[in-house]
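Please keep the sequence and the 3D view open while going through the points.

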Amino acid sequence: MNFRRGRLREDPEINLIPFIDVLLVILIFLMVTTTYSKFTELNITLPTADAEKAAERPNEINVTIDAKGNYTVNNVPVSFQNVAGLAASLKAAAHDPAKPPVVIINADQFAMHQMVVNVMEAARLAGFDKLTFAAQTGTAK
């Protein structure tokens, strides 16, 4: 039975304009909220200090680490075999064993991080709990 005699059958039509509008709004929202950052490398600037040099304190130990891995304690070269040996060198450099000295770490900018950690661990083993790091005087480049 055909109840629609005089009418022609219309083809269904999908209106795409509202769909496109919604997609454009979503696209604009994503473009605005997305950050475009690179995490492939970090540019690090070494610290510098502009403060005046502190007066010489007699109760301090200067540990210097160069880029080749050589250690010096109060300008005396020390051969590094292990952390315990470096701790013994730090104890020997202390002037007053009753009052623990301040350990000043002077590390070259190209020294490996592990070398600085070795000095920190040796100071802990020697019982010295006051550590400080020396920085280059002047302006950063």
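1. Where a salt bridge is taken to be a side-chain nitrogen of Lys or Arg within 4 Å of a carboxyl oxygen of Asp or Glu, the count comes to one salt bridge. Glutamate 121 is joined in this way to arginine 124, and their closest N and O atoms are 2.5 Å apart. Both glutamate 121 and arginine 124 lie in helix 3, three residues apart, which is about one turn of the helix.

2. The next point concerns accessibility, for which a residue is called buried under 20% relative accessible area, exposed over 50%, and partly exposed in between, with a 1.4 Å probe and protein chains only. Glutamate 121 is partly exposed because its relative accessible area is 29%, whereas arginine 124, with 53%, is exposed. Of the 141 residues of the protein, 21% count as buried.

3. A word on the basis of these values: this is a predicted model, in which local features need pLDDT of at least 70 and side-chain atom pairs count only at pLDDT 80 or more, while totals for chains, interfaces and linings use all residues. Residues are numbered from 1 along each chain as its sequence is written, and side-chain values use heavy atoms, with hydrogens and water left out.

4. The protein has three helices and seven strands, and along the sequence they follow the pattern α-β-β-β-β-α-β-α-β-β. Helices (H or I, at least four residues) and strands (E, at least two) are DSSP runs, numbered from the N terminus.

5. Strand 2 deserves attention, and here two strands are said to pair if DSSP finds at least two bridges between them. Strand 2 (residues 60–65) runs parallel to strand 5 (residues 102–107), with six bridges joining them, and runs antiparallel to strand 3 (residues 71–73), with three bridges. Valine 63 stands opposite isoleucine 105 in strand 5, and its bridge partner in strand 3 is valine 73. Strand 2 and strand 3 form a hairpin with five residues between them, and glycine 69 in the turn has a positive phi of about 95 degrees.

6. If neighbours within four places in sequence are left aside, glutamate 60 is in contact (heavy atoms within 4.5 Å) with Asn74, Pro101, Val102 and Ile104.

7. In helix 2 (residues 83–93), the buried residues are Val83, Leu86, Ala87, Leu90 and Ala93. They lie on the same side of helix 2, because they cover an arc of only 120 degrees around the axis, the arc being that of the directions from the helix axis to the C-beta atoms. These buried residues pack against strand 2, strand 3, strand 4 (76–78) and helix 3 (113–126).

8. The last point is the surface, of which the protein exposes about 12,100 Å², with 59% supplied by carbon and sulfur atoms; the areas come from the Shrake-Rupley method with a 1.4 Å probe, and for residues only the protein chains shown count as cover. A nonpolar surface patch of about 1,200 Å² is made by residues including Leu16, Phe19, Ile20 and Leu23. Patches are made of residues with over 30% relative accessible area and no salt bridge, like charges being joined within 9 Å and nonpolar side chains (Val, Leu, Ile, Met, Phe, Trp, Tyr) within 5 Å. Isoleucine 20 lies in helix 1 (residues 17–33) and counts as partly exposed because its relative accessibility is 44%.
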